[in-house]
Amino acid sequence: MNEKKRVLFVDDEEKVIRSYERAFLDQDDVWDMTFKNSGEEAFKAFELEPFDVIVTDIRMPGMDGITLLKEITKRWPDTVRIIVSGQFDEKMVLNSINLAHQYLFKPCEP
């Protein structure tokens, strides 16, 4: 049997984290999911045990998604990196081009 893929969801809004939990509840047999409310918490979780995939918001207080993904890219380059953002900021999008494998805009389908 294949190992579950480890997926980390990061967003500073609690309602967004809860919506991820509900949306992907039926994936718990194939994904080992973790949910964090900040870039700092996410980075600490990665240091304990790296993830296969990270799904993060780009704008968060403290460590933003760009900073988080820069560190993830350096230390764990094989991790699939996905940005989900409700804000379109051309500069942020351009800064994230080499950091994210996919960029999705909120709201989006699971």
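Q: What percentage of the 110 residues of the chain count as buried?

A: The model is predicted. Burial is read from relative accessible area, with under 20% as the cut-off. In this chain of 110 residues, 41% count as buried.

Q: How many helices and strands are in the chain, and which pattern do they follow along the sequence?

A: One counts the elements and then reads their order. The chain has five strands and four helices, and their order along the sequence is β-α-β-α-β-α-β-α-β.

Q: What share of the contacts with a separation of 6 or more comes from residues 24 or more positions apart?

A: Such contacts are sorted by sequence separation. In this chain, 63% of the contacts with a separation of 6 or more are between residues 24 or more positions apart.

Q: Where does R6 lie, and is R6 buried or exposed?

A: A residue is placed first in its element and then by its accessibility. R6 belongs to strand 1, which spans residues 5–10. R6 is buried because its relative accessible area, 14%, falls under the 20% cut-off.

Q: Which residues are in contact with R6, and which polar atoms lie by its side chain?

A: Neighbours within four places in sequence are set aside. R6 then has contacts with D32, E49, P50, F51, D52 and V53. Among them, D32 joins R6 through a side-chain polar contact of 3.4 Å. For P50, the backbone oxygen is 3.0 Å from a polar atom of the R6 side chain.

Key:
Residues are numbered from 1 along each chain as its sequence is written. This is a predicted model: local features need pLDDT of at least 70, side-chain atom pairs count only at pLDDT 80 or more; totals for chains, interfaces and linings use all residues. Side-chain values use heavy atoms; hydrogens and water are left out. Helices (H or I, at least four residues) and strands (E, at least two) are DSSP runs, numbered from the N terminus. Buried means under 20% relative accessible area, exposed over 50%, partly exposed in between (1.4 Å probe, protein chains only). A polar contact is a pair of N or O atoms within 3.5 Å; within protein, one must be able to donate a hydrogen and the other to accept it, and residues adjacent in sequence count only if both atoms are side-chain atoms. Contact means heavy atoms within 4.5 Å.
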